[in-house]
Amino acid sequence: MGEAKPVLDVRDVHVHLQRRLVLSGVRFQIQAGEFVGLIGPNGAGKTTLLKTILGLLTPAQGQILMDNRPIRRGNPAIGYVPQKVHLDPDIPLRGRDFVALGLDGVRWGVPLPRRSRRERVQQALASVRALAYADAPVGRLSGGELQRLQIAQALVGEPRLLLVDEPLSNLDIRNTHEVVRLLRYLARERGVAILLVAHDLNPLLSALDKVVYLARGRSMAGRADEVMTSESLSRLYGYPVEVMRVQGRIVVVGSPDVHVVPPDATAYTSLQDWEVTTP
Amino acid sequence: MRMMGVLDTLCLWLLPPGLLTTPYMWHAYVCGTVVAVVATLVGYFVVLRGAAFMAHSLPKIGFAGIAGATVLQIPPLAGLLTFNLLGSLVLSALSRRGKRDVVTALTLVLALGAGELFLTLGHAYGETAYALLFGQIVGISGPQVGQTLTVGLVTTGLWMTLYRPLLFLTVARDQALARRVRERLLENLFVVLIGLVCVMTVPVVGALLSFSLLIGPITTACLVTRRGLHTLLLAGALGLVAVWLALLLAYDSGWPVGFFATTIIILEYGMVHIGRKAISGRSSKK
């Protein structure tokens, strides 16, 4: 290979959850500035993998390196955007303060009003284009707005790697498109390595640099056109599945989770299609 | 002449003789002020974390502590402190996620039963029980003021220490855990925080109603502003007004402080609620 050192190097990782082998030989690398999709049917172990990268679970075999060093829990170089947050609508907290917690929320004590702190929060808000509602109470924001604040909260500590868990599952097409575009921008312009978890590849297809497909605890990584073929996915699943391309969308037929396109997402089109139809 | 009469009455009512010269009223005012401020701080997290039931129960557990202290003839505050801290520890040790209400309820009932027994054993029915349940202003001694101030300082210190990680854990649990915030430790210390604040509120407003001071002002302030700092400042002001006015009215009338404090807190909530409705109604008509 001889190219740039990977930010994240997942080496043959095996993870047990309650004595069940959930991950058995996951391997892939992410370079700085790469936008990678972690795709797979429900129950394939996507969240387990994220938790392992975060250091919340320990692999039984194999290891994960971040910048060539074994990962540890609480690494500030990893930003994490979890799946869904539930916030009380009456919660007395502004978006700005919510984001600031990503900077120094782990420290004891009351934050001192420093200028550098304010500016970093302001920058993070600007980079996700959330300044318009930065002073609104967080509980009153829409799903898409809150998502952006969560990304800002993960970004404010200037991480080298951003883990984003299912950001698209609760969003409509418009917001999906915007979040994907935002993440792609952050990867390209800021050089942040991004690993995004999704059960549907299609809205992401044109934006991703790489796909890590997870099935039956194992992984297959590469460019989308390399990974998403009947041959390679059949090898991964261990039985024949067929990858079909229908109107610019990829559908995996024969996997345990046939509905790779969830029933409520019939309106999903690929990002390219969507860009064409936008006035 | 008539005017003078009204003013005189008003002055007599607002500044009754002895209000500022009686040492115990001074004590009551100093304690009440500290209590209102600290209750606001802790109440912020009680509301944020949805721990109202726990905040309701701990003062009653403390009540059993005071009753126990009368049996053993030790200072009431010592009994209160012991029971509240013990209660806090028991609650946080036994409660798991989602089961907290059940554990709190059982501990509460047990403590109330014990308190009843202690009152009987200590032959302290009547006066003492009344003071414990509804608060007292006559009985606050000089040393007690010192104790309240000390507990207030400790509580404020603990609150300030916990502030950031506890807020992080409360509003973004997954991120906080990933960043190594220690959930178990923080949850335990949070319960201790409630226990400590109850040690201060019970002697002033009484076990039955001290909960209102924790929840009321913050909830009212949340109606007006949802900026953390503004909420705290406004709630602090509302709490102070309630306590100061309640002490005055209790002195005037001889009725319990707890009654007045709670009534004023509810009135504040009602007035703000109606005022806000009226304002938003007018602006939406435009």
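Helix axes are lines fitted to C-alpha atoms, over the stretch in contact, and the angle between two of them runs from 0 to 180 degrees between N-to-C directions. The model described here is predicted. Two packed helices are described by the angle between their axes and the distance between the axes.

Helix α3 (residues 52-72) of chain B packs against helix α10 (residues 210-224) of chain B at an angle of about 155°, and their axes are 8 Å apart. Angles over 145 degrees count as roughly antiparallel, and α3(B) and α10(B) are therefore roughly antiparallel to each other. The crossing in which α3(B) passes α10(B) is right-handed. On the α3(B) side, the residues that meet the other helix are Ala52(B), Ala55(B), His56(B) and Pro59(B). Their partners in α10(B) are Ser210(B), Phe211(B), Leu214(B) and Ile215(B). Sorted by class, this contact has 6 nonpolar residues, 2 polar ones and no charged ones.

The next topic is the nonpolar core. In soluble globular proteins, nonpolar side chains tend to be buried together. In this model the largest nonpolar core has 162 residues. Those with the most contacts inside this core are Leu163(A), Ile194(A), Val42(B), Ile194(B) and Ala261(B). Helix α2 (residues 23-48) of chain B gives the core its largest share, 15 residues. What does Leu163(A) touch, not counting residues up to four places away in sequence? Its contacts are Leu50(A), Ile53(A), Leu54(A), Ile78(A), Tyr80(A), Val81(A) and Leu195(A).

The two chains also touch each other. At their interface, 27 residues of chain A are in contact with 23 residues of chain B. On the chain B side, α7 (142-171), α8 (173-178) and α11 (228-253) each supply at least two residues. The largest share of that side, 8 residues, comes from α7(B). By class, the side of chain B that touches chain A has 13 nonpolar, 4 polar and 6 charged residues.

Two residues of chain A have backbone angles to look at. Asp12(A), in strand β1 (residues 8-17) of chain A, has a phi near 50°, which is positive although the residue is not glycine. Arg216(A) is found in the loop between β9 (210-215) and β10 (218-222) of chain A. With 18 C-beta neighbours inside 10 Å, Arg216(A) counts as partly exposed.

Technical notes:
Residues numbered from 1 in each chain as written. Chains lettered and ligands numbered in written order. Predicted model: local features only at pLDDT ≥ 70, side-chain atom pairs only at ≥ 80, totals over all residues. Helix = DSSP H or I, 4+ residues; strand = E, 2+ residues; numbered from the N terminus. Buried ≥ 20, exposed ≤ 12 C-beta atoms within 10 Å, placed from the backbone. Contact = placed C-beta atoms within 7 Å. Nonpolar A, V, L, I, M, F, W, Y, C, P; charged D, E, K, R; others polar. Parallel < 35°, antiparallel > 145°, perpendicular 65-115°, else oblique. Left-handed = near helix turned anticlockwise from the far one by under 90°. Core = buried A, V, L, I, M, F, W, Y, C linked by C-beta atoms within 7 Å.
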